Amino acid sequence: MKREGRLGVGIIGAGKVGPVVGAALAGSGHALVAITAGSDRDRVEAILPGLPVLDAAEVVRRSELVVIAVPHDQLPDLVAGLAEVGAWQPGQLVLHTDPAYGTSVLAPAMAKGAIPLAVHPAIAFTGTSMDLRLLTNSFAAVTAPGPVLPIAQALAVELGCEPVVITEEDRADYAEGIATATQFSRSIVQQSTTLLAKVGVPNPGLYLSTLVHSTIDHTLAEAGGNDGSRMTEMDLD
């Protein structure tokens, strides 16, 4: 039985993000209802053992909170398609995790009475239980209409994140900042390890590990006055 205030949560998207978000919410006391099928069933089973696998429309119909964690280009058509088959329900919470969209992409669900929330945890997901530790040391961008913004913030906290409000009009710039940090960092590390391997350095990724992490920590502290107590972690290996 759910505790008072707990929600029945359905997950649409069984990639690296959806199962981890589901596991984090379950850890906060919410009841997981179902998840859609993914390409790596063993990985999903490892983090969400025994969770029923259903199609997207059935996941929506059974859930009080629907978490959508699908690739960026699939999100608009998915939301619209579920509206066309009458899956969305009045009063239902619908949360997506895409960094670039605010809540406008959820307009078809809103038209059916659903409550739109956008929460993007700022970590590099691996799709494994180790992400749960990263969530507890990270931030999350939250966007929602004013009256329900506290719900988005509360869910971010339940994921383990510190919520940071990003306005609807600023989501594109936010997403560009996230993409620049992740893609550029990964590219630079890959170039560096290639050069070190060329000159005979054994295990160049391990060799650079302390240097790269300390450099990024110092740079982030200089950029934002961060004391290191709460910092986004990147997978730079």
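Select helix α7, residues 149-159. Helices here are DSSP runs of H or I with at least four residues, strands are E runs of at least two, and both are numbered from the N terminus. Helix α7 lies across β3 (65-68), β4 (93-96), β5, β6 and β7. It runs at about 35° to β5. Angles go from 0 to 180 degrees between N-to-C directions, and axes are lines fitted to C-alpha atoms, for helices over the stretch in contact.

This is a predicted model: local features need pLDDT of at least 70, side-chain atom pairs count only at pLDDT 80 or more, and totals for chains, interfaces and linings use all residues. Residues are numbered from 1 along each chain as its sequence is written, and side-chain values use heavy atoms, without hydrogens and water.

Now show the strands. The open sheet has 7 of them, in the order β2-β1-β3-β4-β5-β6-β7, with mixed pairing. Two strands pair if DSSP finds at least two bridges between them. At the edges stand β2 (31-35) and β7 (162-165); each has a single partner strand, so one side of each lacks a neighbour in the sheet.

Zoom in on β5 (residues 115-121) and β6 (residues 139-143). These strands run antiparallel, joined by 4 bridges. Pick V119: it stands opposite V142 in β6.

Last stop: select α8 (residues 171-198) and α9 (residues 204-224). They pack at an angle of about 130°, with axes 9 Å apart. Where do they meet? V189, S192, T193, L196 and A197 in α8 meet P204, G205, Y207, L208 and V212 in α9. Contact means heavy atoms within 4.5 Å.
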